[in-house]
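Please look over the structure below before reading the notes. They are grouped by topic.

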Amino acid sequence: MYDGFDEVEDIWAGLKPKEPLPSQCCGSGCRPCIFDTYQKELEKWTKAKARGDPSLLIGNNKPKNELLPVSTDAFSSFQLQAVEFLTEDTHLYRFKVPSGCGLVLQLGQHLVLRGVVDGLELQRAYTPITQVNADCCCEFLIKLYKDGLMSQYIRTWKPGDFMEWRGPFGGFPYKANKYGQLLLIASGTGIAPMIPLLQAITEDEDDETFVKLVGCFRNYKSIYMKDFLQEQSHFWNEESLENLPWSYRDKTHLGRLDFELINALLKACQKPPYTVICGSVEFNNDVLKLLRRAGLDEDSCFMF
Ligand SMILES: Cc1cc2nc3c(=O)[nH]c(=O)nc-3n(C[C@H](O)[C@H](O)[C@H](O)COP(=O)(O)OP(=O)(O)OC[C@H]3O[C@@H](n4cnc5c(N)ncnc54)[C@H](O)[C@@H]3O)c2cc1C
């Protein structure tokens, strides 16, 4: 005898949202995170199944190139306009943001990118290096990792493609002249949130904050945004220290950022500094330990 029960159960099983794997999450503490979204979809599925009404699930999958307002829990499609190759593994990606999408970012805020690799949905955080301007452009500095999952997806991008973003999240609550001096310490793409911060300070004539930027890179070839950094160091209140060639030797230090260098940097600040750190978890923790050893109190430090 035919019993449709199993068939209906199979259909519902096929519609059930799949619990994300830890590797699918960007790990940056977004609210909502990929797991919160899963919980919401699971609740919706449970309700729809109890009522026997699959139409209650509609609205979960938004079309890829639909232009939606940016929000923390709905993805918006940004069109990739151009890719600029900065170093072997790091590129600048310029996106056209849908006009009127209301993408207003505070300094250092990041967005979350959704990608699919081998059928697996991933989410990762990236920090725009530009404030969204009148042309509605948004640029990201992205390092591609050899075995990185999202890196695999990003390698397939071509200008004209649409990518899905949600946010913004996080950020550094900065106000002009709030601090006498900022000491910015970044490693690799950790320089991304520092760029809009530097720009905001130098573009505001009334902002008299002193800024010392310490950019840590593997070697001279892997320094990003050299032109921007050199341009910024011409401002009277900014000074950058990176591995630049001979003409900049006085601002260069070869080797690891150790206690002596941190101490020297703190002493060289014009005013007691507020420190902002951005790099890998290991980098952030190491720098924080050195700063504490050098006497910087906990309230004088912000870590991205
Ligand atoms: C708030 C926030 C903002 C971020 N902003 C940027 C940004 O502007 N630009 C940018 O390029 N990245 C940024 N990241 C890092 C980014 O989200 C991804 O972690 C990175 O692109 C790697 O993703 P993946 O899926 O390719 O690699 P995964 O599959 O997650 O990792 C694969 C392997 O790659 C290596 N790897 C991954 N990430 C790192 C790392 N950060 N340092 C050293 N090794 C690593 C590890 O060996 C790891 O095992 C940000 C992260 C956070 C939390």
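**Briefing on the predicted model**

Strand S1 (76-85) and strand S6 (residues 162-170) pair in the antiparallel sense over 4 bridges. Strands pair if DSSP finds at least two bridges between them; helices (H or I, at least four residues) and strands (E, at least two) are DSSP runs, numbered from the N terminus. This is a predicted model, in which local features need pLDDT of at least 70, side-chain atom pairs count only at pLDDT 80 or more, and totals for chains, interfaces and linings use all residues. Residues are numbered from 1 along each chain as its sequence is written.

**The sheet**

- Ser76 has Trp165 as its bridge partner in S6.
- S1 also pairs with S2, in the antiparallel sense and over 6 bridges; the partner of Glu84 in S2 is Leu92.
- A hairpin is formed by S1 and S2, with 4 residues between them.
- The open sheet has 6 strands, in the order S4-S3-S6-S1-S2-S5, with antiparallel pairing.
- Its edge strands, each pairing on one side only, are S4 (120-126) and S5 (137-143).
- Neighbouring strands are turned by 40 degrees against each other on average, direction ignored; the axes are lines fitted to C-alpha atoms, for helices over the stretch in contact, and angles run from 0 to 180 degrees between N-to-C directions.
- S3 (residues 109-117) and S4 are joined by 7 bridges in the antiparallel sense, and Leu113 has Arg124 as its bridge partner in S4.

**The loop residue Asp89**

- Asp89 sits in the loop between S1 and strand S2 (90-96).
- Asp89 counts as partly exposed because 16 other C-beta atoms lie within 10 Å; a residue is buried at 20 or more such atoms, exposed at 12 or fewer, and partly exposed in between, with C-beta atoms placed from the backbone.
- Neighbours within four places in sequence aside, Asp89 is in contact (C-beta atoms, placed from the backbone, within 7 Å) with Lys143 and Leu144.

- Leaving aside neighbours within four places in sequence, Leu184 is in contact with Met194, Val211, Leu213, Val214 and Val276.

Methods. Contact = placed C-beta atoms within 7 Å.
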